Amino acid sequence: LMFFGCLNVTEGKSLEDYKNKIKADLKTAVMGSWAVWVPAHTINFAFVPPSQRLLYINSIQIGYNVFLSFLGNKKVESDEKEEKKEL
């Protein structure tokens, strides 16, 4: 919620746009988070030496940020319909 909220504010979008984005993409973001962080932390604490854990997690975080960036910038269906109406 925070990611989409901050993105919405910095892009100057309305509260309605925020609600539409949450309805469209929150489930994907949560499922993606579970798919990345549960295995990543399991591997981290089971196999990665303590001195390398921060580097490992930061490496995973870069990929996860790319995923969130793509998800955050994906057009919501209502946005696409409004753009077509303007044309």
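Asn-73 lies in helix H3 of this predicted model, a helix that spans residues 53–73. Although Asn-73 and Phe-4 are 69 residues apart in sequence, their C-alpha atoms are 9.7 Å apart in space.

Two packed helices are described by the angle between their axes and the distance between the axes. For H1 and H2, the axes come within 10 Å and cross at roughly 145°, and the crossing is right-handed. On the H1 side the contact is made by Phe-4, Gly-5 and Asn-8, while H2 contributes Asp-17, Tyr-18, Lys-21, Ile-22, Asp-25, Leu-26 and Ala-29. Sorted by class, the residues of this contact comprise five nonpolar, two polar and three charged.

The next feature is empty space inside the model. Rolling a probe the size of a water molecule over the atoms shows where empty space is left. The structure holds one cavity of 30 Å³ or more, and the volume of the largest cavity is about 100 Å³. Eleven residues line the largest cavity, and the closest to its centre are Asn-8, Glu-11, Lys-13, Lys-21 and Gly-72. Helix H1, residues 2–10, and helix H2, residues 15–47, each supply at least two residues of the lining, and the largest share, three residues, comes from H1. By class, the lining of the largest cavity has six charged residues, together with three nonpolar and two polar ones.

The structure holds three aromatic pairs, one of which is formed by Trp-37 and Tyr-64. The ring centres of Trp-37 and Tyr-64 are 5.5 Å apart and the ring planes stand at 70°, so the pair is edge-to-face. Because Trp-37 lies in helix H2 and Tyr-64 in helix H3, the pair ties together parts that are 27 residues apart in sequence.

Conventions. Residues numbered from 1 in each chain as written. Predicted model: local features only at pLDDT ≥ 70, side-chain atom pairs only at ≥ 80, totals over all residues. Heavy atoms only, no water. 1 Å grid on protein atoms, 1.4 Å probe; cavity = no way out; pocket = protein on both sides within 12 Å on 5 of 7 lines; lining within 4 Å. Points joined across faces, edges and corners; volume = space filled by probe spheres on them. Helix = DSSP H or I, 4+ residues; strand = E, 2+ residues; numbered from the N terminus. Nonpolar A, V, L, I, M, F, W, Y, C, P; charged D, E, K, R; others polar. Axes fitted to C-alpha atoms, helices over the stretch in contact; angles between N-to-C directions. Left-handed = near helix turned anticlockwise from the far one by under 90°. Contact = heavy atoms within 4.5 Å. Phe/Tyr/Trp six-rings, centres within 6.5 Å; stacked < 30°, edge-to-face > 60°.
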